Amino acid sequence: MAWLGLYNYWLVIFLMMAGFYVVIAHGNMVKKLIGLNVFQTSVFIFYITIAKADGGAPPILTEGLTRYANPLPHVLILTAIVVGIATTAVGLALVVRIWERFGTVEDEQIPDSDDPE
Amino acid sequence: MIEPVALLALAVAVPLLASGIILGTDRWPRVRDTLVVSGAVALLGVAWALFLAFRDGARPRLELTEPLPGLALALELEALGVLLTLVAGTLYAVTAVYAVGYMRANGEPRQGPFHAWFALALAATMGIALSANLFALFLFYEVLTLATWPLVAHHGDEKARKGGRTYLTVLLTSSVGLFLFALIWTWQAAGTLAFTPGGILAGQVEGLSLALLLALYLFGVGKAAVMPVHRWLPAAMVAPTPVSALLHAVAVVKAGVFTLLKIVVYIFGAEWLLSQPSASWGVYVAAFTVVAASVVALRQDDLKRRLAYSTVSQLGYVVMAALVLVPISLVGAALHIAAHAVGKITLFFAAGAIHTAAHKTRVSELGGIGWRMPWTLGAFAVASLSLVGVPPTVGFLSKWYMLLGAWEAALWTVLAVLTVSTLLNTAYFLPIVHAAFFRKEGPVHGEAPHHGEAPAMVVAPLVLTAALTVVLFLFPGLPLTLARAMAGMTS
Amino acid sequence: MTAHLPILPVILPLIAAALCLLLPWARAAWLLAGATTWAVFALAAALIHRVLDQGSLVYALGGWPAPWGIEYRVDALNALVLLVVTGIGAVVMLYARRSVEREVPRSRIPLFYVAYLLALAGLLGITLTGDAFNLFVFLEISSLASYILIAQGPDRRSLTAAFRYLVMGTIGATFILMGVGFLYMVTGTLNLYDLAARLDGVEANRTVRAGFAFLTVGLSLKLALFPLHLWLPNAYAFAPNVVSAFLAATATKVALYALVRFLFTVFGAQDVFQNVPLGTVFLALALAAVFSGSFVAIFQDELKRMLAYSSVAQIGYMVLGLSFASVTGLTATVVHLFNHALMKGALFLAVGCLAYRIGATRMEAIAGLGHRMPWTFGAFAVAGVSLIGLPPTAGFISKWYLVSGALELGWWPVAVLILLASLLALVYIGRVLEAAYFRKPSVAEELQAEAPVALLAPTWLLAGANLYFGLDTRLSAGVAGEAARALLGGPG
């Protein structure tokens with residue numbers, strides 16, 4: 001059962017698809033943003049799990065340490081998380097403004113074309 | 001004495017500058033109109049100086065830029081180019097006077113932009129005439145199309161818009177879809193696009209490919225109006241008459257046949273084409289155009305439309321003569337460019353004069369008008385004779401050379417077509433002259449029942465060009481020398 | 001100072017953005033932003049001059065050498081892209097003062113310029129960086145700033161357009177991040193040039209393929225390749241005019257640059273086009289983009305939407321050149337990247353002039369305006385002719401290379417399709433010009449005057465550039481050719 005050993009990838013794929021599904025299937029913009037967050041999180045987990053080395057120690061400089069996890073992906077993902085938060089913030093700000101101007105955050109209730117009042 | 005190289009630049013720059021100045025002085029109509037005429041006269045001076053330089057053996061070359069590696073935007077003095085420069089320069093000077101008179105007399109709107117576009121179109125024509133390679137020629141060719149679109153759609157009503165749309169669509173579709181394609185193909189086959197005596201494609205393209213390439217050029221150069229890409233020409237007749245006169249009897253259509261002639265002589269090489277049986281079909285397409293357009297012309301009642309179809313047919317002559325390929329026939333083709341230009345511009349001028357003085361546009365309304373406008377209709381008669389090919393007019397000369405060429409090449413179809421179409425020409429021109437002088441005037445309707453001639457500024461140019469058809473018959477030395485030089489015949 | 005030349009174009013707008021945030025006055029913010037963009041443009045000019053003179057410049061950020069630190073590397077390709085982006089950014093700033101005052105509430109204007117500078121910094125960062133992860137970060141900086149800029153549009157639908165762009169853009173960025181992750185798994189490096197060298201030694205395995213696929217799809221989303229272009233039309237149509245011009249001319253181009261960089265420098269043309277049928281896929285998608293974009297553009301009654309759809313088509317041309325995987329084809333791509341920025345910039349600015357004067361950009365509104373606003377429509381006409389691809393404009397040069405590229409490979413049906421497609425552009429540009437010049441103006445428009453010089457001058461600067469680069473192509477096609485040869489000559 002080699003594929004069970006790759007369970008982290010299955011998790012990533014599951015999260016990715018779940019998030020993607022929410023983004024596509026839901027007309028509610030807040031839910032879309034939540035889906036987007038889940039989608040992004042899948043990649044964070046992907047990065048972090050690939051940094052793990054079998055039997056590796058935390059990457060802190062100590063005597064006799066030969067096998068340790070790769071610290072770089074963690075650092076990268078810290079940045080990516082910040083980016084993700086910024087995206088969510090901008091997205092939510094837009095949703096608030098949409099609520100103010102249209103009175104709804106449901107995709108279907110927003111007219112495709114209207115003449116500005 | 002100005003350097004010949006500078007003259008090359010001036011030929012394009014003078015009308016270009018004039019165009020800008022005309023637009024700038026639009027607020028003062030008198031100043032503007034003076035500038036229109038003086039710009040045209042200056043251009044004529046440049047054209048003449050270019051001819052003199054050419055006669056003295058100068059072959060200047062001017063390279064402006066090189067937008068694509070190996071493809072320079074360059075100008076060069078060459079026999080056929082000098083001929084077109086002279087024809088267009090002379091007739092523009094005449095037309096400028098006529099245009100000013102016509103636009104004033106008819107109270108047309110937006111005269112400033114009109115004259116400006118006109119001058120720009122001339123700049124493009126000069127560029128076409130003097131291009132050193134097919135790439136530069138294509139560039140000016142497209143500029144000419146774009147610059148004349150506003151002229152065609154000048155009136156801005158539904159009819160003008162529709163005409164303008166047809167004009168632009170047909171010309172751009174043919175040039176971008178076919179001409180440009182052929183151009184790039186040629187470039188990849190030959191590695192150059194320079195106009196070279198003897199051609200650049202000899203041994204490079206042959207058989208079926210050659211037939212295809214010839215077709216791309218023949219139908220791609222839409223301005224030559226080979227059927228079925230002639231539709232833009234009648235559509236363009238919605239334009240004010242000076243436009244029809246200069247652009248659609250001289251600059252645009254002549255640029256078209258000029259381009260084809262250049263391609264046959266300097267790109268394919270007449271000898272190479274002659275040696276390839278797969279290229280022989282072209283002459284029949286042109287022959288068909290000659291006859292078919294004449295037949296259509298017979299049935300047109302609108303005077304300008306009849307003239308337009310006559311133009312399609314006459315352009316067919318040039319293309320046909322070019323594709324007969326023997327040198328003497330090429331001379332005929334080049335000569336006919338000049339002959340038809342002088343004749344057809346007279347006819348259009350006359351049509352415009354009739355429109356200005358009598359507000360008549362239909363052939364059937366012209367009964368008895370000859371006695372009211374004797375100068376106009378007299379000139380019309382002379383020019384018709386020239387287009388039919390009756391001596392002592394220059395049209396006879398060009399037709400004579402074409403007949404000689406067809407004979408030498410033993411192309412009996414062409415001989416037959418030349419004969420039949422002469423009859424057809426007679427059939428659609430002479431009834432107009434006959435009606436104008438020998439039929440009773442129809443019932444008067446509308447305004448200006450008791451009109452006389454159009455204003456002098458309108459009539460003088462057309463008398464002048466009519467006289468030119470006779471003068472060129474008596475003294476054909478100038479165009480003949482140039483034509484023979486192009487065909488590689490030393491006199 | 002000159003040693004730091006490669007990093008300055010990124011740092012300068014970042015600092016200026018922070019400063020701008022502190023400025024309460026609209027005019028001062030504009031001045032600062034304007035001065036910054038022009039300074040960056042000058043830097044870009046100096047950079048390209050240096051690169052053409054001395055070859056690639058390499059800069060180690062913070063003094064950390066390449067595989068460990070972040071490396072900035074400037075070669076002919078990104079120097080040219082840099083020049084385009086900064087040039088458009090600077091010209092648009094000239095235009096921005098009057099236009100933004102009209103469209104954005106005064107209190108928000110300084111913030112508007114903050115977002116503008118951030119977007120610019122992000123785009124320049126993508127262009128200059130030699131590090132895959134750094135590229136992702138800059139991509140997101142520029143994207144986030146663009147969402148904000150688009151949402152400033154006067155119409156309320158700009159908000160939904162921005163939101164939709166945000167969702168699609170984030171998906172694209174996440175795909176890119178995923179792709180970078182896969183490559184890192186295989187090679188343990190993020191430096192683009194190091195990646196290229198290490199991938200060379202690796203058997204093409206599924207991980208590399210997956211990374212490649214994720215990157216390609218993600219970047220295609222960002223550059224709006226058909227059928228991933230759905231975010232683009234609304235975003236460009238409802239954004240403030242300045243933003244439409246800026247983004248249309250730069251954002252998708254930079255994404256395209258990133259794609260070219262990954263395909264040719266990192267993966268190598270050999271791997272991408274011979275082992276994977278990417279050429280065929282791109283060819284099909286590009287042609288679909290060209291035709292669908294152009295067809296839809298023909299039926300638009302709103303000028304900005306029309307131009308947006310035309311952008312979809314034009315991106316198709318660029319990807320088409322790429323799919324040839326030949327020097328001529330790639331030259332066509334890069335040249336068109338350059339030229340299209342000029343045409344679309346000029347067109348959007350001209351439409352902006354129109355919106356400034358009559359407050360509308362619909363087809364019915366422009367009848368007969370050609371005579372009242374001769375300069376505006378003159379610029380539109382010049383840039384439009386360039387878009388169609390007729391000489392003597394820049395667009396013709398692109399078309400020439402593209403058709404030559406197709407014929408070189410013997411793909412003459414493709415060449416025919418390219419030429420046919422340019423006639424579609426003729427239809428939609430012709431419609432506008434015909435309405436503007438040959439229709440009778442409605443009575444209400446009798447009093448309209450020409451747009452102010454502050455708007456016309458930048459518009460004509462770009463329109464004039466379309467003519468100039470149609471005749472003198474040493475900078476555009478010359479450098480593009482050099483870049484294409486370097487890209488196909490292998491990494492480095």
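**Exercise 1. The interface of chains C and A**

Work out how much area is buried between chain C and chain A in this predicted model, and which helices of chain C supply the contact.

*Solution.* Start with the area: chain C and chain A bury about 3,300 Å² between them, and carbon and sulfur atoms give 76% of that. Next, look at who takes part: 33 residues of chain C meet 40 residues of chain A. Now turn to the polar side. The interface holds 5 residue pairs in polar contact, both residues at pLDDT 80 or more, and the salt bridge count is 1. That salt bridge joins R164(C) to D107(A), with the closest N and O atoms 3.3 Å apart, which is inside the 4 Å cut-off. Finally, assign the chain C side to its helices: α5 (132-151) and α6 (157-187) of chain C each supply at least two residues. Of the elements on this side, α6(C) gives the most, with 19 residues.

**Exercise 2. Who touches whom**

Find out which pair of chains has the most contacts, and how far apart the nearest C-alpha atoms of chain A and chain B are.

*Solution.* There are 2 pairs of chains that touch, and chains A and C have the most contacts among them.

**Exercise 3. The interface of chains C and B**

Describe the interface of chain C and chain B by area, salt bridges and contributing helices.

*Solution.* First comes the area: about 2,800 Å² is buried between chain C and chain B, 76% of it on carbon and sulfur atoms. On the residue level, 29 residues of chain C are in contact with 35 residues of chain B. Next, count the polar links: the rule finds 2 salt bridges and 6 residue pairs in polar contact, both residues at pLDDT 80 or more. One of the salt bridges pairs E434(C) with R165(B), the closest N and O atoms being 2.8 Å apart. Then place the chain C side: α17 (394-408), α18 (412-438) and α19 (453-471) of chain C each give two or more residues. The largest share, 11 residues, comes from α18(C).

To finish, zoom in on W400(C). Among the residues that W400(C) touches are F135(B), L180(B), W187(B) and L193(B). W400(C) also has a place in the largest nonpolar core: of its 445 residues, Y113(C) and W400(C) touch the most other members. Both domain 1 (1-276) and domain 2 (278-492) of chain C give at least three residues to this core.

**Exercise 4. Two domains within chain C**

*Solution.* Begin with the distance: the C-alpha centres of the two domains lie 22 Å apart. The contact takes 52 residues from domain 1 and 51 residues from domain 2. Their buried area is about 4,600 Å², with 79% from carbon and sulfur atoms. On the domain 1 side, the helices that supply at least two residues include α2 (26-54), α3 (76-103) and α10 (241-267) of chain C. The most comes from α10(C), with 14 residues.

Key. Residues numbered from 1 in each chain as written. Chains lettered and ligands numbered in written order. Predicted model: local features only at pLDDT ≥ 70, side-chain atom pairs only at ≥ 80, totals over all residues. Heavy atoms only, no water. Core = buried A, V, L, I, M, F, W, Y, C linked by side-chain atoms within 4.5 Å. Buried < 20%, exposed > 50% of the residue type's maximum accessible area, 1.4 Å probe, protein only. Domains from an automatic or database assignment. Contact = heavy atoms within 4.5 Å. Buried area = accessible area lost by both parts, 1.4 Å probe. Salt bridge = Lys/Arg side-chain N within 4 Å of Asp/Glu carboxyl O. Polar contact = N/O pair within 3.5 Å; in protein donor to acceptor, adjacent residues only side chain to side chain. Helix = DSSP H or I, 4+ residues; strand = E, 2+ residues; numbered from the N terminus. Lists of a residue's contacts leave out its neighbours within four places in sequence.
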